[in-house]
Each structure stands twice: as C-alpha cells, then as structure tokens.
Amino acid sequence: MEEKEMLPEWIELGRGLCYGGAGLAFGLAGAGSAWGISIAVHQCAGVLREKPELFGRMLVMIALPGTQGFYGFIAAILIMTQTGLIGGSAIKITLGTGLAMFFVGLGCGIAQLISAIKQGEASAAGISLIARRPEAAGRAILFPAFVETYAVVGLLATVLFIIFLTQPLALKFLGQ
C-alpha cells in the first residue's frame, strides 16, 4: 500500500494544535493558581488583622495553591519537547498528534485550574482553624494537602499520555 504524503497545511495545523495544548496546560493552571492563592490570601489577611503573630503558620497554606501553575508549566514544556516544537524535531507532527496533544493539554489545564481553586478554599478553611486553635496548624495543612494529591495525579496522567502518544506505535495510529 502506498503511503500518502501529508500536506504542509495539515502539518502546520498539527503544530498549532500542539502549541494550543501546551498553552492551555500552562494558562489554565496558572490562572487557577492565582485564583486559589487569592482565596487563601483574603482569608489570611482577615486573620492577620487581629493575630499578626500567626503569619508563619499560615504562609505554607497560602503558597500551596501555587503548585498547580508549576505542574502546568511542566506539562507545557513536555508537550513542546516531545513533539519537537522546542529542542529539535523529534517527530513529524500530524493532525492526529496535534489533536491528541491539544486535548491532553486541555485536560491537564482543567484539572490544575479546578484543583488550585479548591485547594485555595481548603487552605482558607485551614487558616480559619489556625485562627481559632493555633495548636492545630499541623492538622490544618492536611486539608489542602489532600487536594494537592489530585493535582499530582493530573500531572502524572498528563506525563504518561504525552510519553505514550509520542511513541512509534501511537504515532502510527495517529497518522504518521
């Protein structure tokens, strides 16, 4: 069977979809982190007005929703390096590869966006607990830590999808 040559327009569309997926992974995750941190900061500012000595116990609670932005950045860089958009030309990008990477990036971005917002809410609840019972700071950090678990799972799933989708067998299935 004769293999058909892919049109340059389709290759460019595949590249564009890969860039879009990488942008969504990072953009949605970064927006979620900013949103989650702002939720925790608002709660913390209210507590610190009356109890400024608790700042050290609340600092980690404020910073935790920021991790999703880093996870999205990792996913975006991995999409771009594995598809050859930066650092060389590892694979020929087809429309199928571009679509797959677009949806992997979108899924990662949505998972990170929602987990960062919910982690900000969990951090705010933990900050309220610390304000009432400062000795419970160790237990209060578990609230946002449980949410972090799902952000990490989202990143791991993204990494596995990217690696799988850029393997020769998957590339053959995606039209290369």
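User: Where is phenylalanine 73 placed in this predicted model, and why is this residue called partly exposed?

Analyst: In the predicted model, phenylalanine 73 lies in helix α3. Its relative accessible area is 44%, and since buried means under 20% and exposed means over 50%, phenylalanine 73 falls in between and is therefore called partly exposed.

User: How do you know that the length of helix α6 agrees with its number of residues?

Analyst: Helix α6 runs over residues 142-165 and has 24 residues, which at 1.5 Å a residue should span 34 Å. The end C-alpha atoms of helix α6 are 35 Å apart, so the two values agree.

User: Which residues of α6 are called buried, and what is the cut-off for that word?

Analyst: The word buried means under 20% relative accessible area, and in α6 it applies to Pro144, Val147, Glu148, Ala151, Gly154, Leu155, Thr158, Ile162 and Leu165.

User: Which residues have the most contacts inside the largest nonpolar core, and which helix gives the most to this core?

Analyst: The largest nonpolar core has 13 residues, and those with the most contacts inside it are Cys18, Ala22, Ile79, Leu85, Met101, Ile162 and Leu165. Helices α1, α3, α4 and α6 each supply at least two residues of this core, while α3 gives the most, with 4 residues.

Key:
Residues are numbered from 1 along each chain as its sequence is written. This is a predicted model: local features need pLDDT of at least 70, side-chain atom pairs count only at pLDDT 80 or more; totals for chains, interfaces and linings use all residues. Side-chain values use heavy atoms; hydrogens and water are left out. Buried means under 20% relative accessible area, exposed over 50%, partly exposed in between (1.4 Å probe, protein chains only). The expected span of a helix is 1.5 Å times one less than its number of residues. A nonpolar core is a set of buried Ala, Val, Leu, Ile, Met, Phe, Trp, Tyr and Cys residues joined through side-chain atoms within 4.5 Å.
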